Amino acid sequence: MTRKDIIEMSLKEIKRLKVVEDAIEGSITQKIAARMIGVSERQVRRFVRSVREEGERGIIHKTRGRGSNRKITEEVKEEVLGLYRSKYTGFGPTLLSEKLSEIDDIKISDETIRKWLIGAGLWVGRRKRKTHRQWRERRECFGEMIQIDGSHHDWLEGRGPELVLMGYIDDATNNVFGRFYEYEGTMPAMESFKLYSEKYGLSQSVYVDKHSTYKSLRKLTVEEELEGMEESMSQFERALEELGVEVIHAHSPQAKGRVERLFGTLQDRLIKEMRLKGINTKDGANKFLEVYLPIFNMRFRVYPANNTDVHVKVSKQFDLDKYLCIKTERTIRNDNTITHNGRLYQIETHTKGKKVMVEERIDGSLHIMSNGIALRYREISEIPKKEAEVKRVFKERKSYKPPKDHPWRKWNLKNIPESRLYT
């Protein structure tokens, strides 16, 4: 196969191709397709025409790899930043855009100026609050959005450890998926999402609350602000963004009412079913879910407005573990070692860069990556102490005891003349 025959597409383009093909087949309307991929109906018609004429290549943008003809020159950018420093210090991007047009005859949009100022460290972006919606319609297609949450409860009624149920419910059909874990955290969320994706495929979006697992409370670093980030991301958000899945945060428990009502139902029905079976372990509870949930879905699942399944199917060759893992950037020391979670690792593969990405996988394995390549490493079990840290050992000094015939022992008050005692 020649290089021209290979079609390289991002996850976003694969997702877009799946929706466009559904629109071509007539499974969904072009209006629904436009909402799913976040473009206008006119743009969807262009995609449909291109895919019909060129096949899968039609979804790839024609200008990929080419510079924009409307790109503003570096000279204009430096002139604007110079004017800001000398003349317009403290001006906001919108006001600066207006004044540059009125006074200096430089017409630049306020968003372009905002990016330039943040990139130069002259402006700190301010995030606008989104309006809260009290009521929301169901999504139309299976896989268009799933609600995810963890339920902390004594599911085994004292027969075993307290568990957390990671519950998934489809917004359009009420189809339920679940898995028991010992706690609600990043790894349980990632593993359960992997199992869901292997069973149904990647959903278009997920609806979660603002638990620290799903939304980062960390403040942005200076480097992240300079890169144009509006807010920090949790490991779960980062992983789903890389997979092309949109993460939507609920502002209150009432906003994700479907999954909350699901937990109320399961805490009544599922607990009683497991009591009858005498289940008292986490593994036993998970095996029971594999039998129980299909029956539960047959009874309580509803018909969607559109019968099209918009999940993006994941092939067996696609390695979800590369995305659903905890990634941490580390700096290589001069002795080709890094520290991670209080441990020291010796990197045995030569790498040019000074930064590596440490990946903690779901199966417990640790991978050190550089530009997508796994590096060989070994853990140094005993960290050598510095010379200053080594304590000096001193021998115990014994007290000197003079012998019996020593002159000191012969000297006493009786040998001193009385005339010398009072002088």
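**Close-up views of helix packing in a predicted model**

Overview of the predicted protein chain. Among contacts in the protein chain of this predicted model between residues at least 6 apart in sequence, 63% join residues at least 24 apart. The protein chain contains 13 helices and 12 strands, and 38% of its 423 residues count as buried. Its accessible surface comes to about 28100 Å², with 49% of that area belonging to carbon and sulfur atoms.

**View 1.** Helix α2 and its buried residues. In helix α2, which spans residues 30-37, the buried residues are Ile32, Ala33, Ala34, Met36 and Ile37. Following α2 comes Gly38, a residue whose phi is positive, near 75°.

**View 2.** The packing of helix α5 with helix α6. Helix α5 (residues 93-102) and helix α6 (residues 110-119) pack at an angle of about 115°, and their axes lie 8 Å apart. The crossing in which α5 passes α6 is right-handed. From α5, the residues Pro93, Thr94, Leu96, Ser97 and Leu100 take part in the contact, where they meet Asp110, Ile113, Arg114 and Leu117 of α6. Divided by class, the residues in this contact of α5 with α6 are 5 nonpolar, 2 polar and 2 charged.

**View 3.** The packing of helix α7 with helix α9. Helix α7, covering residues 186-199, packs with helix α9, covering residues 235-242, at an angle of about 25° and with the two axes 10 Å apart. Because angles under 35 degrees count as roughly parallel, α7 is roughly parallel to α9. On the α7 side the contact involves Thr186, Ala189, Met190 and Phe193, which meet Gln235, Phe236, Arg238, Ala239 and Leu240 in α9. The contact of α7 with α9 has, by class, 6 nonpolar, 2 polar and 1 charged residues.

**View 4.** The packing of helix α10 with helix α11. Helix α10 (residues 257-277) and helix α11 (residues 282-300) pack with their axes 11 Å apart and at an angle of about 125°, which makes α10 oblique to α11. In passing α11, α10 forms a right-handed crossing. The residues of α10 that make the contact are Leu262, Thr265, Leu266, Arg269, Leu270, Glu273, Met274 and Lys277, while those of α11 are Ala285, Phe288, Leu289, Tyr292, Phe296, Arg299 and Phe300. By class, 10 nonpolar, 1 polar and 4 charged residues make up the contact of α10 with α11.

**View 5.** The C-alpha atom of Phe300 is separated by 9.1 Å from that of Val176, a residue 124 residues apart from Phe300 along the chain. Phe300 has a relative accessible area of 31% and is therefore partly exposed, since that class lies between the limits of under 20% for buried and over 50% for exposed.

Note on methods
Residues are numbered from 1 along each chain as its sequence is written. This is a predicted model: local features need pLDDT of at least 70, side-chain atom pairs count only at pLDDT 80 or more; totals for chains, interfaces and linings use all residues. Side-chain values use heavy atoms; hydrogens and water are left out. Axes are lines fitted to C-alpha atoms, for helices over the stretch in contact, and angles run from 0 to 180 degrees between N-to-C directions. Helices (H or I, at least four residues) and strands (E, at least two) are DSSP runs, numbered from the N terminus. Angles under 35 degrees count as roughly parallel, over 145 as roughly antiparallel, 65 to 115 as roughly perpendicular and the rest as oblique. A crossing is left-handed if the near helix is turned anticlockwise from the far one by less than a right angle, and right-handed if clockwise. Contact means heavy atoms within 4.5 Å. Ala, Val, Leu, Ile, Met, Phe, Trp, Tyr, Cys and Pro count as nonpolar, Asp, Glu, Lys and Arg as charged, and the others, Gly among them, as polar. Buried means under 20% relative accessible area, exposed over 50%, partly exposed in between (1.4 Å probe, protein chains only). Accessible areas come from the Shrake-Rupley method with a 1.4 Å probe; for residues, only the protein chains shown count as cover.
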